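This report concerns the ligand site and the pockets of one protein model. The sequence and structure are shown first.

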Amino acid sequence: MQPCSANVLVCCDAEAAAIEVGRLIACAAERAFDERGMFTLAVPGGSSPRRAFELLADSPARLPWSHTHVFFTDERCVPPDHEQSNYRFAHEVLLSKVPLPSSNVHRFRTELPPEDAAVEYEEQLREVMGDQPRLDFVLLGMGEDTHTASLFPHSPAVGVLDRLAAANQIAGLSAHRLTLTFRAINSAHSVGVLALGSEKAPAVKKALQGHRNVDAHPVQGVRPRSGQLLWVIDHCAASEL
Ligand code: 6PG
């Protein structure tokens, strides 16, 4: 199989990458609102999206928040007020600072058993977007091991293609993670993968130029079926390309 042929935008630094991600989300929102009167966004956890969230929070008029629904690409199996909660992170940095109706924030119900939480999340996706949900924009990060969302190398959920969300048992982690599956991610109208810093350079090279092996390098599985894919990386993360 050929390496990924994704579009890659190399930004001069992390700030420029954050500005670009904010622009991509705003453009996707404008297009979705014009076409469907609604914008559906899925956001990740981790440190990479923080600055992009701050920029969006600083300019709330950029998005039609009252017609926006926010989902999460993945979640840790912790309470929503836990310091490791992706929901808590997004709420603190962005969602609490924009005029987004609380009913439009769709978190994984981590108070349920992991499998039940995954089933319930799929129901939330379908309640908002219908039986064949297509998120308008999915923002993803990538770990140094090339995981994305909570689709980790050699983990069971990487191969789950008949569900939209899954509880994933991660080798080396004592707990499950909850995650969107590639079926949900690759149904999206647009996907952005954000990778910053020299520590991500080897993973970026494997992802974009390495032999295709999704089980070993899950981020290679991000290939929207009929949507757009753009990698937004800074010079440091691009340094081994
Ligand atoms: C999470 C994220 C995860 C993240 C990568 C990169 O729950 O941690 O969804 O997939 O995007 O681990 O994390 P950083 O942005 O912190 O490097």
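A pocket is an open set of points on a 1 Å grid over the protein atoms alone, where a 1.4 Å probe fits and protein lies on both sides within 12 Å along at least five of seven lines; lining residues have an atom within 4 Å of a point. The model is predicted: local features need pLDDT of at least 70 and side-chain atom pairs pLDDT 80 or more, whereas totals for chains, interfaces and linings use all residues. Residues are numbered from 1 along each chain as its sequence is written, and side-chain values use heavy atoms, with hydrogens and water left out.

Around the ligand there are 14 residues (a heavy atom within 4 Å), of which Ser48, Asp74, Arg76, Ala149 and Lys200 come nearest. This shell comprises three nonpolar, eight polar and three charged residues; Ala, Val, Leu, Ile, Met, Phe, Trp, Tyr, Cys and Pro count as nonpolar, Asp, Glu, Lys and Arg as charged, and the others, Gly among them, as polar. The table lists polar contacts, that is, pairs of N or O atoms within 3.5 Å.

| Side chain | Ligand atom | Distance |
|---|---|---|
| Ser48 | oxygen | 2.6 Å |
| Asp74 | oxygen | 2.6 Å |
| Lys200 | oxygen | 2.6 Å |

Taken alone, the ligand exposes 420 Å², and the protein buries 87% of that area (Shrake-Rupley method, 1.4 Å probe).

The largest pocket holds about 270 Å³ of space, a volume being the space filled by probe spheres set on grid points joined across faces, edges and corners. Its lining consists of 21 residues, with Gly45, Gly46, Gly141, Met142 and His147 closest to the centre. Strands E4 (74-76) and E5 (137-140) each contribute at least two lining residues; strands are DSSP runs of at least two residues and helices of at least four. By class, this lining has eight nonpolar, nine polar and four charged residues.

The second largest pocket has a volume of about 160 Å³. Among its 13 lining residues, Leu24, Arg31, Ser190, Gln228 and Leu230 are the closest to the centre. Helix H1 (14-36), strand E8 (190-195) and strand E9 (228-234) each give two or more residues to this lining, and H1 gives the most, with five. The lining of the second largest pocket divides into seven nonpolar, four polar and two charged residues.

Note on methods:
Polar contact = N/O pair within 3.5 Å; in protein donor to acceptor, adjacent residues only side chain to side chain.
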